[in-house]
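Here is a short briefing on one protein model. Please keep the sequence and the structure in view while reading.

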Amino acid sequence: MDRRRLVIGQGRHGAVIAQPVPSVATIWDNRSKPGTADADHWIATDLGGLEGWQAVKIVSAPPNGRLKSILPHDVRKEVEILRRLDHSNIVKLLEYHYDTDLLEHRLHFPLFACILADLFKDPSFPFEPPAVPPSCLSSPNVTTGLSYQLLTALSYLAFNDVAHRDINPSNILIDFRGNLKLVDFGTAWSRSSNVKLNSRGGSVARHGRSANRKEQAQSNDEGDRARTSCNVGTGAYRAPELLFSPVRYDPCAVDSWAAGCVIAQMFRPFGQSYPQGFDGSTSDSDSDIGSGSEKEKEVSSDDNEDPDPLDEPWHRIRKSDGDGSRTGYRTGTTTEGDNREMGERQPMFDVSFGTLGLAASIFKIRGIPTPDTWPAFSQLPDAGKIEFPLSQPTPLTSLLIVPHLQEGLDELRAAASEVIEGLLTLDPSRRFTAKKALKSRWFEGVDNVIVEGVCRPWVDVGKKSLDRKSQSVW
């Protein structure tokens, strides 16, 4: 076995490694010692990966790809879906095989530069491209380009009757050509799965709770549970309908909400914790959350069931405030030993207090559901179990919500806020689809050629990270 492989992702049920392609020279092969690779020699393949290298996702599961402890993840379904997808902003499955001795599924992909979650930890992203004059690449180009690439990928999925169901910055990668790639279809839904048509003929996913005892007795297929689960999505990017145990939901609407959260995050403040609320309080200041409190345990279990191998783990951190009693959540740490500000560009909504806290955070900004704004909300099984404080929607152009929208032109601010507002509509039936969002004024005159390589200035972030990791295998 080739020992030259880098662990680039780790989950409870598997890992992602980077390893050389057999018989293909890599940029590190001829150097005398680690750390001497010339960045000019990094060559991107046609698929945007690093020449001579692959990323291999390894998942431990039976041959059918399903394991009770990792549902709704289904690696065989992921393979089947990826094999029929072909889009420039969706990862391409290069090879798949199952190791019968180790009981491991191995999915081979191009090796990309970095994940969007890492870029959100860089205070220069997306408004101050490194080593590029401001006149060469303005912030609207980056935010517009990435938003366009994400939405075109989701529009393509919806057209092909597929929904990702776990859109978040850790599942959005930047390739070595500077383009967005959507990865990790482990919890994806497709029309060929267990579905039911609603009264308007639209396709909606069924939640397993809706089955009666007789139906449950007739089907022991755990694949049904994987396909129908509403326990999908990650933390602050979960759609509000998923928080109230829906019997049915539109999986593409779930993707639209998560996309809205990701796009909005590009305009959010940068810092160590969720910013102050409208009443002057913070999500974690002066709180009674301790390392062993029940509230903290709720967050630990509710944030996401188990990290998927392709997900960037959400690390819990202790933020010192005198006695060190404050607790918060963010991803990762700062880069190397520089003087950059610690933290990340903050998510749109606060998940620090679990599912109920996330719902409260959503309603605080988007307004409490009413018969006018979300007629079907009262029909959700858990909708009446708690009474949320009354609140009115806050315009997303507010400095308290997406302050960096103010840095663009008036036309950009209005058009971008229109898209974010539409994607973050509470009522799933009224929420913007990716196709509708792409028709916004924000994307007038935009096409794949214009946004090609939009994130190229930040590819060096991934190069430096991979070069550092490579030192440990020689």
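**Aromatic pairs and the overall picture**

W458 is buried, at a relative accessible area of 0%; buried means under 20% relative accessible area, exposed over 50% and partly exposed in between, with a 1.4 Å probe and protein chains only. The model is predicted, so local features need pLDDT of at least 70 and side-chain atom pairs count only at pLDDT 80 or more, while totals for chains, interfaces and linings use all residues. Residues are numbered from 1 along each chain as its sequence is written, and side-chain values use heavy atoms, with hydrogens and water left out.

**Whole chain**

- The protein chain has eleven helices and 17 strands. Helices (H or I, at least four residues) and strands (E, at least two) are DSSP runs, numbered from the N terminus.
- Of the 474 residues in the protein chain, 57% are buried.
- Take the contacts in the protein chain between residues at least 6 apart in sequence: 73% join residues at least 24 apart. Contact means heavy atoms within 4.5 Å.

**Aromatic rings**

- The structure holds twelve aromatic pairs. Rings of Phe, Tyr and Trp (its six-membered ring) pair if their centres lie within 6.5 Å; planes under 30 degrees apart count as stacked, over 60 as edge-to-face and the rest as tilted.
- F125 and W458 make an edge-to-face pair, because their ring centres are 5.0 Å apart and their planes stand at 85°.
- This pair links distant parts of the chain, 333 residues apart. F125 is in the loop between helix 2 (116-119) and helix 3 (139-159), and W458 is in the loop between helix 10 (434-438) and helix 11 (459-470).
- F125 counts as buried, at 0% relative accessibility.
- F244 and F363 form a stacked pair, 6.1 Å centre to centre with 15° between the planes.
- F244 lies in the loop between helix 5 (222-228) and strand 13 (248-249), and F363 lies in helix 8 (residues 354-366), so the pair ties together parts 119 residues apart in sequence.
- F244 is buried at 2% relative accessibility, and F363 is buried with a relative accessible area of 2%.
- F244 and F363 belong to one aromatic cluster with W374, F377 and F388.

**Helix 6**

- Helix 6 (residues 251-265) has 15 residues and should span 21 Å at 1.5 Å a residue; its end C-alpha atoms are 22 Å apart, which agrees. The expected span of a helix is 1.5 Å times one less than its number of residues.
- Is helix 6 enclosed or open? With 14 of its 15 residues buried, helix 6 is largely enclosed by the rest of the structure.
- D250 caps the N-terminal end of helix 6, with a side-chain oxygen 3.0 Å from the backbone nitrogen of C252.
- S256 is found in helix 6. S256 is buried, with a relative accessible area of 6%.
- Leaving aside neighbours within four places in sequence, S256 is in contact with L423, R431, F432, T433 and A434.

- Strand 4 (residues 95-99) and strand 5 (residues 104-110) run antiparallel and are joined by five bridges. Two strands pair if DSSP finds at least two bridges between them.
- Strands 4 and 5 form a hairpin with four residues between them. In the turn, L103 has a positive phi of about 55°.
- Y96 stands opposite L107 in strand 5.
- Y96 and Y98 make up the covered face of strand 4, while E95, H97 and D99 make up the uncovered one.
- Strand 5 is mostly covered, with seven of its seven residues buried.
- Strand 3 (residues 53-60) also runs antiparallel to strand 5, through seven bridges. S60 has E104 in strand 5 as its bridge partner.

**The 6-8-9 sheet**

- Three strands form an open sheet in the order 6-8-9, with antiparallel pairing.
- Strand 6 (114-115) and strand 9 (180-182) are the edge strands, and each pairs on one side only.
- Strand 8 (residues 172-174) pairs with strand 9 over three bridges, in the antiparallel sense.
- L173 has K181 in strand 9 as its bridge partner.

Technical notes: A polar contact is a pair of N or O atoms within 3.5 Å; within protein, one must be able to donate a hydrogen and the other to accept it, and residues adjacent in sequence count only if both atoms are side-chain atoms.
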